[in-house]
Amino acid sequence: MPFTLPKIYPITDVSISKLSHTEQFKRLVEGGAQMIQLREKNASPREFYESAREVLTLAEERNVKVIINDRADIAFALKTGVHLGQDDLPPHAALKLLGNKAIIGFSTHSVRQAIEAVKLPVDYIAVGPVFATKTKQNPEQVVGLEGVERVREAVGNFPLVAIGGITLENAVDVFSAGADCVAVIGDLVGEPDRITEKLKRFLEL
């Protein structure tokens, strides 16, 4: 069965939400999430592994896909997918480690990177940041809606996720620019008490 991106791709962040990955996961699933990325920049590998393992147990019960950000080793240990950045383990190496059943996503920040990325063994590419974002230290240069349009034109029908500063107010414009899916962090988990409600509103767009 071919991989299909959901329209909304939530990403957890403990430092923004002040909630555990497990609690964010529960609230996102209640809101209708089908695929969730676990993003952890501050915990030790052991702590992240334990958190992710707890989430995976719940995910299997609920038939929700879980993707690990950056850490192919943790994805391997938990037999799940991974999202890789330009400086992470190369996709070819991740494929050898995880096998061809695992979902592998890959970040790009320009048309040139996107064109190169679709030649790699990845299931989807992400492009961004579309707008200015506060959820990443030292973010790449903003690509804007025009950047999403140019990447879509360059990669044809390849599954495309847009990320970076995406909110309820601008998500429709991002879809119109050609994204198949939008990844959302701050506008979803930044208000922890509204995570479920916010995601339901995103899914109604």
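These legends describe views of a predicted model.

**View 1. The whole chain.** The secondary structure of the protein chain comes to 10 helices and 8 strands. Its radius of gyration is 16 Å, close to the 17 Å that the globule rule gives for 205 residues, so the chain is as compact as a globular protein of that length. The C-alpha trace spans about 40 × 40 × 35 Å along its principal axes.

**View 2. The barrel.** Here 8 strands close into a barrel. Follow them in the order S1-S2-S3-S4-S5-S6-S7-S8. The pairing is parallel. From one strand to the next, the twist averages 25 degrees. Strands of a sheet pair through backbone hydrogen bonds, either parallel or antiparallel.

**View 3. Strands S1 and S2.** Strand S1 covers residues 8–13, and strand S2 covers residues 35–39. The two run parallel, joined by 3 bridges. Find Ile11, then look across to S2: its bridge partner there is Gln37.

**View 4. A helix across two strands.** Helix H5 takes up residues 91–98. H5 lies across strand S4 (81–84) and strand S5 (104–108). Helix H5 runs at about 165 degrees to S5.

View 5. Rolling a probe the size of a water molecule over the atoms shows where empty space is left. The structure holds 1 cavity of 30 Å³ or more. The volume of the largest cavity is about 30 Å³. Which residues line the largest cavity? They are Pro6, Ile8, Gly32, Ala33, Gln34, Leu199 and Leu203. By class, this lining has 5 nonpolar and 2 polar residues, and no charged ones.

Note on methods
Residues numbered from 1 in each chain as written. Predicted model: local features only at pLDDT ≥ 70, side-chain atom pairs only at ≥ 80, totals over all residues. Heavy atoms only, no water. 1 Å grid on protein atoms, 1.4 Å probe; cavity = no way out; pocket = protein on both sides within 12 Å on 5 of 7 lines; lining within 4 Å. Points joined across faces, edges and corners; volume = space filled by probe spheres on them. Nonpolar A, V, L, I, M, F, W, Y, C, P; charged D, E, K, R; others polar. Pairing = 2+ DSSP bridges. Helix = DSSP H or I, 4+ residues; strand = E, 2+ residues; numbered from the N terminus. Axes fitted to C-alpha atoms, helices over the stretch in contact; angles between N-to-C directions. Contact = heavy atoms within 4.5 Å. Rg over C-alpha atoms; globule rule 2.2 N^0.38 Å.
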